[in-house]
Amino acid sequence: MLVIPAIDLKDGRCVRLRQGDMAAETVYSEDIVAVARNWQRCGAGLIHVVDLNGAVGGEPKNLPQIDAVRKAVTVDVQVGGGIRTIETVRRYLKAGVSRVVLGTAALTDRAFLEQACTEFPRQVVLGLDARDGKVAVKGWTAVSETKAIDLLREVRGLEIGAVIYTDIARDGMLNGPNLTALKEVVASSAFPVIASGGISRVEDLLAVRSLGPQITGAIVGKALYDGKLDYQSAVVALGKE
């Protein structure tokens with residue numbers, strides 16, 4: 001199971017939010033390239049980049065920073081936030097991003113999701129962000145009536161590379177992942193699952209991994225930046241188990 005460091009971009013800076021609240025941010029760095037290079041140096045094989053402004057605004061807002069990250073590291077980079085058109089998907093993948101994460105568009109524009117999966121099989125990741133089990137959209141500023149597990153079942157025939165499941169109530173709170181919801185997602189998903197939200201200790205990573213081989217990764221953000229979890233120690237601990 002990969003430990004995947006997150007770089008959340010807001011106004012060109014590396015930040016973390018509490019429960020997706022754009023007003024509740026902590027700025028960790030103005031040098032995005034240095035942050036990305038640090039995670040590569042620590043041994044990360046995949047870096048998860050989110051354009052927070054894009055997620056809320058509906059189109060990419062931190063393109064220069066994302067391009068700079070892509071050029072600065074040799075490891076895989078997956079990008080999400082504000083990807084609502086096939087042109088944006090093409091632009092990112094042509095620039096060398098390994099995978100794009102579609103969240104809002106997966107719910108609101110199924111034809112686009114299908115086109116992206118057909119044109120770029122397994123390079124599209126479904127970003128499944130949920131509050132109380134229901135899918136959130138538009139940078140988590142709105143919650144739909146669609147249950148996360150229902151959406152998963154609807155798209156099971158598509159060439160999706162993986163599903164990132166984020167429990168919004170846990171995100172940035174450092175109080176552990178929602179294992180019950182994750183277990184339900186694993187049972188409903190035809191794709192590999194990446195856990196996100198609330199992971200702050202090695203024990204959390206081990207608990208997530210215990211849900212089975214379908215869990216292929218865990219995204220960690222705030223715990224790494226706050227020093228509550230050491231990346232290399234976490235990888236070593238997972239290797240020993």
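Me: Which helices and strands do the buried residues of helix 9 pack against?
Reply: In this predicted model, helix 9 covers residues 202-209, and its buried residues are Asp204, Leu205 and Val208. Their partners include two helices, helix 8 (179-188) and helix 11 (231-240). The strands they pack against are strand 1 (2-10), strand 11 (193-196) and strand 12 (215-220).

Me: On the same side of helix 9 or on opposite sides, where do its buried residues lie, and what arc do they cover?
Reply: The buried residues of helix 9 are Asp204, Leu205 and Val208. Because they cover an arc of only 100 degrees around the axis, they lie on the same side of helix 9. An α-helix has 3.6 residues a turn, so residues three or four places apart point the same way. For helix 9, the answer is the same side, with an arc of 100 degrees.

Me: How many residues does the largest nonpolar core have?
Reply: In soluble globular proteins, nonpolar side chains tend to be buried together. Here, Ile7, Trp39, Val49, Val89, Leu128 and Leu205 are the residues with the most contacts inside the largest nonpolar core. Helix 1 (residues 32-42) gives the most to this core, with five residues. Another core, of nine residues, lies apart from it and includes Ile4, Ile164, Ile194 and Ile219. The largest core has 67 residues.

Me: Which residues are in contact with Val49, leaving aside its neighbours within four places in sequence?
Reply: Val49 is one of the residues with the most contacts inside the largest core. With those neighbours left aside, its contacts are Ile7, Leu9, Ile66, Val69, Val77, Gln78, Val79 and Gly80.

Me: What radius of gyration does the chain have, and what would a compact globule have?
Reply: The chain contains 11 helices and 12 strands, and its C-alpha trace spans about 40 × 40 × 30 Å along its principal axes. Buried residues make up 56% of the 241 residues. For a compact globule with 241 residues, the radius of gyration would be near 18 Å, which agrees with the chain's 16 Å.

Me: How many disulfides are there by the distance rule?
Reply: A disulfide is a covalent bond between the sulfur atoms of two cysteines. The rule requires cysteine sulfur atoms within 2.5 Å. For Cys42, the closest cysteine sulfur is in Cys14, at 13 Å, which is too far for a bond. The count of disulfides is zero.

Me: Buried or exposed, how does Cys117 count?
Reply: A residue counts as buried when its relative accessible area is under 20%. Cys117 has 2% relative accessibility, so Cys117 counts as buried.

Conventions:
Residues numbered from 1 in each chain as written. Predicted model: local features only at pLDDT ≥ 70, side-chain atom pairs only at ≥ 80, totals over all residues. Heavy atoms only, no water. Core = buried A, V, L, I, M, F, W, Y, C linked by side-chain atoms within 4.5 Å. Buried < 20%, exposed > 50% of the residue type's maximum accessible area, 1.4 Å probe, protein only. Helix = DSSP H or I, 4+ residues; strand = E, 2+ residues; numbered from the N terminus. Contact = heavy atoms within 4.5 Å. Arc of directions from axis to C-beta. Rg over C-alpha atoms; globule rule 2.2 N^0.38 Å.
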